[in-house]
Amino acid sequence: MNENKQITQHPDYKEHHEPWVRMVKRDNVSTQRAVAVRAIAILAALLVGGILILLMEHNPILVYKDMIIGSLGSPLVLRETARMAIPLLITGMGIALAFKMRFWNIGAEGQIIAGATAASYFALFHYQNMPSPVLLMVMFAAAVVAGGVWGMIPAVFKAKWNTNETLFTLMLNYVALEGLRYLQYGPWRDPSKMGFPVIAMFDTSARLPRVFGVHIGWIIALVLVVLVYIYMKKSKQGYEITVVGESIQTAKYAGINTSLVFLRTMFISGAIAGITGFVTVAGANFTVSEEVTGGVGFTAITVAWLAKLNPAAMIAISVFLAILQKGSGTIQTIYKIPSSAASMLIGLILFAMLGCEFFLNYKLIFKKK
Amino acid sequence: MEGFAVVDFFFMAVIAATPLLFATLGEILTQKSGSLNLGVEGMMFMGAAAGVAASYIYEATVGDATLGFVSAILAVLIGFLAGALGGLIYSVLTVTFRANQNVTGLALTIFGIGAGNLVGELLGIRAGGFTTVAEDTKRMFSSISIPWLSDIPVIGRLFFSYNFMVYLAIITAIVLMWIFNKTRVGLNLRGVGESPATADAVGINVTRYKYIAAIVGGGICGLGGVFISMADNSGTWIFNCIAGRGWIAVALVIFAAWRPSRAIIGALLFGGLSVLRLYLPIDGIPAQVYNILPFVATILVLIFTSIRQSKEHSQPKSCGINYFREER
Amino acid sequence: MCHGIFFDILTSMSEVSNCAVKLNNISKSFGTVQANKDVCIELRRGEILALLGENGSGKTTLMNMLSGIYYPDSGEIYVDGKEVIIRSPKDAFDLGIGMIHQHFKLVDVLTAAENIILGLKGSVLINRKKLASEIREISDKYGFSLDPNKKIYEMSVSEKQKVEIVKVLYRGADVLILDEPTAVLTPQEADTLFEMLRSMKNDGKAIIIITHKLNEVLSLSDRVCILRKGELVGELETKDASVKSLTEGMVGRSVSLEIQREAGALGKERIIVSSLTCLNSDGLKALDDISFKLHEGEILGIAGIAGSGQKELCEAITGLYPVEGGSITYINDDEPSELCGLTPTQIAKKGVHLAFVPEDRLGMGLVAGLDMIENMMLKSYNNEKGFLINRKLPKSTAERLIDSLEIVTPGVSTPVRRLSGGNVQKVLLGREIDSGPSVLVVAYPVRGLDINSSYTIYNLLNEQRKNGVAVLFVGEDLDVLLELCDRIMVLCGGRLSGIVNAPTATKEELGILMTHMSD
């Protein structure tokens, strides 16, 4: 009757064994255990990184030490590190809002670009018309609106047709990037720079003031941490995000307008990424270019995820990643280790952190005998 | 555009399309098993750097005894293995450790870009300036001339003048097409990607399928990287040489509706667009318009398929979701 | 551990008979829930064994261990007298055991033939022609037809079930397990299925059907095993069985809820549904011209086989399901107001207090990952003004419910996902009742609950009736419906097949209405 008849002739049962390991979901994880497992994971990643440094014929301990010194060792480098942490932290919060809703926004790159471009428009072409504080406010508002609208586009399609937002937001990154490139190579190009396709530097009135030597983006970031925390945990809208993220069915049952929540949340998520664009152009670069994001939109996803979407934890994680990035610049000058090593090391640490979550969520039961 | 330029344009379009095709095919294979690996860019970097490194180290070791084709094969092989390593890391994290697919893919991108550039730059430092491979090896990756065939006017240049990797890419597409549509393995793979619980219930080893698809898929993505470093850049390492092409491949997968045959057309189209402005510059249309078209087209495809709610030719249903049997 | 001498005799008998499968002392628990405890069952070739039990009695879990979905915590499985270990569905297939799950495990975008050979070893290439003829051969043999090249997403439910059956047979299974096979079928389709199963039995196959429908057990099976709370409580030949003995076996005592039902005239009309029609996502009528009245202080039961439109009716009344035609009128102090076309929020704004306990508690009625406080405010968080959430009120509600309903939980801030099924239901029903509804819609409120929790729920519903609430109760256990309700409305295929007076109606009467097809 069919070709598999022979398999009902019983195979040798001795070949069947009890599975040697089974996984069972854990209910509760103590804080100590959680901290310990994560610490071990980071150490393991650093160990692997150390081996690689050894292979490059350097002493890993010295290299790591110099990374720390290079990123935290003096007020000067400390400020630099803080400056690197700001965009990661702000963007991470925007992403966390979307992720809380299980809306996989990987379009922060594009939203940052949208915000940066909108802010730059006023900085470049309308700086003469207003006093500095007003100009900065207008730039901020423009960035918020542009980032928000850019973030909301995929949400419109998600709400209406359930269009896959992961791929949509990803594509919009490149649309935004090419749009900015067009401006940089075309209408916004600085004619005084001869052959170089660059956009002019902002007027001083379009630059963010500094506090403790770092542009006030860090204050904006910390204020946002508090606001986002309150929004997510204490507000009605934050509650709606949680319910929608947990179950669309339940949200509808509760009378929540899920489409509205999608649109509103993605506007806010994009707007926060837009703020990153604003502080980067107005606080750090004083101009806008195709490299304005520096990959922050992607790295911030890992910040949000590793922090379990908790704004406070994001401070620690973004600072940690900034230390690695800043430190890698130092070891490049001292040891001639290319700074790409940092990106690889961050990758290794991310792998370890992603992998270790498993040991927090599951318990392995090994076969007795 | 004159006839000659059309042939030239087509030739360049094919060259531009090949790395995209490799990466797209690799990602299609991966996604067919239900894994959305966003680390294509990273795996291409790993493949690209490993390819150059393999050739360079081989040539440095054997010195004058260098054989171009051995060097080329090593580059392809090691480049494949490096990409496959990326796929392996991805599988361990998402399949065994059940980590979030999106985040893992991004971590792989970050890692791959770092590792690829690091290896490339270290090679440069070791070579005292910048790396390059032997002339014989370069020749393996440049246009070829097949007796008789390549001499046919127009047709010869259009079809029989590329380096071996172009043909390898097309063969890969055909093989994948055959596997998906005609074989049991392909059927099972589609089952795993569409509904892992069903596949599991009929005795398919879901874990093994997901591992193999992601690893082989990663390897194929790595080949895309090898093409860029060995053919486009003639065996030298150029910092950040992949330059976003891994992400274009992710777009192409959607554009191709997860079908290798359409991936060939899509890659040609996307590759063609990227070189079109060199051949067909129209006043008033900036280069960025050409660059943006693939992404806009992809978005339109995405929207269109979601409106139609088409069951077929859309992303394998379990993509992005990890499978775990004894959950309750 | 097998209970008593009865089993010892059976065991010794089976050694000479043609025993296909034997389960010995099988136990399985999930977390703190014991799903199966020391179950011993055996199955012979050429017989249909019914595995009977209420929802949540562990029938499916037990069979999942035989089909390799779960792995038992302890106990042994014998196939053809040899001890075997079944780690995976593949192991089960290799032993000739095939299970047809209640929720079909088919790949939508593949054809019937592709689904049938999915996962099988064989030639590298798929020989579609040979495959099609093999499938035809199987379907001819047992007297039905199946198009091998039809895609699953284009198929009806009964076609899909046939694919599942052929899939199992094609793999050479001689032990078939069917989980609630008639739950989604029309009576005619069920009859066809039974014919198929009988002819397979005559072919020497061993068949287990999991069910809680007594008429199926009596008309189809040769032997019955009864599970209750995960334990085997009875095993008997069908010819010795009666509705009474089976029911007693299932519920453990003769059914009497002892609910004080005050006879008397019906209260005022509360909701008038007339000519209600709804379409499902395929454009077919999920509800077809339904008209009835729901009164104050009454429990109106809804009976029917699964998928007859119960879910759609509940959701249409509560504003969650789009209405195609007809009207739903709410009457308050003789003031009628129309609810059709309104969202739940709009209904609430009209001052209509509807409470709804949906079938899917953790997927719809509650947010599984949130704690009790946050679940308490699910429908009321927006009542207070301001941007921020007030947790005081929901917290006191949660604490009050824990006390009054004796909800077992580590605390108000434990995610409700961690609570047991009965406690989850108490949280949900408690919240809905606490909102002071004038209409309470409950769907399958005791599904998966133990007897004690079930009684708590019945008493709560009865209390609501006494308080003048109009209760719409979707149930599956006919005994409960008859004891608890004032009137019972029977749905069949989306249509209303009748409304009976519960105190005087009989199960047979309901059974006929449930399978009645108006033509």
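Student: Is G448(C) buried, exposed or partly exposed?

Tutor: A residue is buried if 20 or more other C-beta atoms lie within 10 Å of its own, exposed if 12 or fewer, and partly exposed in between, with C-beta atoms placed from the backbone. G448(C) has 17 C-beta neighbours inside 10 Å and therefore counts as partly exposed. This is a predicted model, in which local features need pLDDT of at least 70 and side-chain atom pairs count only at pLDDT 80 or more, whereas totals for chains, interfaces and linings use all residues. Residues are numbered from 1 along each chain as its sequence is written, and chains are lettered from A and ligands numbered from 1 in the order in which they are written.

Student: Where is the place of G448(C)?

Tutor: Helices (H or I, at least four residues) and strands (E, at least two) are DSSP runs, numbered from the N terminus. G448(C) belongs to the loop between β17 (439-443) and α16 (451-466) of chain C.

Student: In what order do the 6 strands of the open sheet of chain C stand?

Tutor: Two strands pair if DSSP finds at least two bridges between them. The order in chain C is β6-β7-β8-β3-β9-β10, and the pairing is mixed. β6 (97-100) and β10 (231-237) of chain C are the edge strands, each pairing on one side only. On average, neighbouring strands of this sheet are turned by 20° against each other, direction ignored. Within chain C, β3 (residues 48-52) and β8 (residues 206-211) pair in the parallel sense over 5 bridges. In this region L52(C) stands opposite T211(C) of β8(C).

Student: How is the packing of two helices described?

Tutor: Two packed helices are described by the angle between their axes and the distance between the axes. Axes are lines fitted to C-alpha atoms, for helices over the stretch in contact, and angles run from 0 to 180 degrees between N-to-C directions. Angles under 35 degrees count as roughly parallel, over 145 as roughly antiparallel, 65 to 115 as roughly perpendicular and the rest as oblique. In chain A, α8 (residues 236-246) and α10 (residues 258-285) pack at about 110° with axes 10 Å apart, so α8(A) and α10(A) are roughly perpendicular to each other. The axes of α3 (residues 75-100) and α12 (residues 311-335) of chain A come within 8 Å and cross at roughly 135°; α3(A) and α12(A) are therefore oblique to each other.

Student: How many residues does the contact take from chain A and from chain B?

Tutor: Two residues are in contact if their C-beta atoms, placed from the backbone, lie within 7 Å. Chain A gives 41 residues and chain B gives 40 residues. On the side of chain A that touches chain B, α13(A) supplies the largest share, 14 residues. Ala, Val, Leu, Ile, Met, Phe, Trp, Tyr, Cys and Pro count as nonpolar, Asp, Glu, Lys and Arg as charged, and the others, Gly among them, as polar. That side of chain A comprises 26 nonpolar, 11 polar and 4 charged residues.
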